[in-house]
Amino acid sequence: MSAPLRHSNSSHAIAEPVPLSAAAWYATIAGLCGSLVAIGLARFAYTPLIPPLIGAHWFSAGDTVTLGAANFAGYLAGALLGRPLAAGLGNRQALRLLMVAATAAFFACGFPVSVTWFFVWRFLSGLAGGAIMVLVATSILPHIPVARRGFVSGMIFLGLGLGIAASGTLVPALLRLGLRETWIGLGILSLILTGVSWFGWPATNPPQPATHAATQHHPAAKSGWSLRILYGQYAANALGLVPAMVLLVDYVARGLGRGADIGAAFWVVYGVAAISGPVLTGYAADRIGFASAYRGALLLQAVAGAILAASGNPWMVGFATVLLGIFTPGIVPLVLGRIHEILPHSHVDQRAAWSRATTAFALFQALGGYGYSYLFIHTGENYSIIFLCGAVALVLALLADVLNGVKRGRKHRAQ
């Protein structure tokens, strides 16, 4: 469909949900498989594999961390290359190729031929993840009824939450079989999901609007400022989420003195909450709009970050863990939906904007990871400062959103 993602008038509210066709459901399942393989597993499954990689003497501790960063570097490259790849091959063939590449990387990582070998495959898995993140929703959502795009977007990115949950449950179970067997097991799962998604990707590229007359009322100059604000918010959101993604388990285990087992249990809670995140935020967006839902998400994340910075109470830390778990994958459909609201008439512009947003998030996620590590070491392992920095980044993102809304309101009244 080429209609705007959301109408501003109240008539958009519906009593009954718009039914999805079989093709739409299959495309949604394919999208879920894509985000699960290329992001959920390829990125998050590596975290619990770091100690076994070091313990089995596959690589040194320093090399293992560097290999983890290879996925982030590849993700940046994929965010930039996703659009050109789809332009040359078409959405369906590009997504199939990327799924195969991510699957091949799992099998290849089961054989530690050399650091260079492993780096190349981890980079390739990140590249596939970044490109799929750019293409997956923008290939599917234009074929979905407007009133169900929040739900479908949430279902597509449910794979991120499932991957986070699997990193704390499936991977430890596979590790009982051995390190190589774990990589091969992840490869087999990825191969199955690739097969499930193979014919689910839409066979045609998103339809273009029949007329571009409507776009004359929304020139790029008017949407450019809102998009720049959104890119900045998404980048700041990355800075707000990285502290928990990197330090949560260590904070509970060592910072609070609860031990490794309790720290791992908190990570499972984080993962379970992440499963519900995209669906909950997509549901909220369908009812209150993506702008309001994202504003609320920023507020709740800031509250969670402040709790981690100020309180060592396990119940409060657990509450913050649930909130951050929900929004780690849950913000993705919200930001994508905001782009569709800002650029409602052009799928080409939507994909370009989503690529830029994904790149901004990936860049600041990587910068945040290294920056927070440096700060952590040079402040005597002060967890509170790191969590506070994340909370401040989220507050700034929220203030930018509020001020932008005030500015839009003044312009509207002036007209």
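**Reading buried residues and contacts**

Reader: Does Thr328 count as buried or exposed, and why?

Author: The cut-off for buried is under 20% relative accessible area. Thr328 has 8% relative accessibility, so Thr328 counts as buried. Keep in mind that this is a predicted model.

Reader: Where should I look for Thr328, and which residues is Thr328 in contact with, apart from those within four places in sequence?

Author: Look in helix H13, residues 314-342. Apart from neighbours within four places in sequence, Thr328 is in contact with Ile164, Leu241, Met245 and Tyr270.

Reader: What polar contact joins the side chains of Thr328 and Tyr270?

Author: Those two side chains are joined by a polar contact of 2.5 Å. On the Thr328 side chain, a polar atom also lies 2.7 Å from the backbone oxygen of Leu324.

Reader: Now Gln365, please: why does Gln365 count as buried?

Author: Gln365 counts as buried because its relative accessibility is 3%. You will find Gln365 in helix H14, residues 347-378. Beyond neighbours within four places in sequence, Gln365 is in contact with Arg43, Phe72, Ala238, Val242 and Met245.

Reader: Which residues touch the most other members of the largest nonpolar core?

Author: That core has 113 residues, and Phe118, Phe157, Trp183, Tyr234, Tyr294 and Trp354 touch the most other members. Helix H10, residues 220-255, gives the most to this core, with 14 residues.

Reader: Which residues is Tyr234 in contact with, leaving aside neighbours within four places in sequence?

Author: Tyr234 is in contact with Tyr294, Ile331, Val332, Val335, Trp354, Ala357, Thr358 and Phe361, leaving those neighbours aside.

Terms used: Residues are numbered from 1 along each chain as its sequence is written. This is a predicted model: local features need pLDDT of at least 70, side-chain atom pairs count only at pLDDT 80 or more; totals for chains, interfaces and linings use all residues. Side-chain values use heavy atoms; hydrogens and water are left out. Helices (H or I, at least four residues) and strands (E, at least two) are DSSP runs, numbered from the N terminus. Buried means under 20% relative accessible area, exposed over 50%, partly exposed in between (1.4 Å probe, protein chains only). Contact means heavy atoms within 4.5 Å. A nonpolar core is a set of buried Ala, Val, Leu, Ile, Met, Phe, Trp, Tyr and Cys residues joined through side-chain atoms within 4.5 Å. A polar contact is a pair of N or O atoms within 3.5 Å; within protein, one must be able to donate a hydrogen and the other to accept it, and residues adjacent in sequence count only if both atoms are side-chain atoms.
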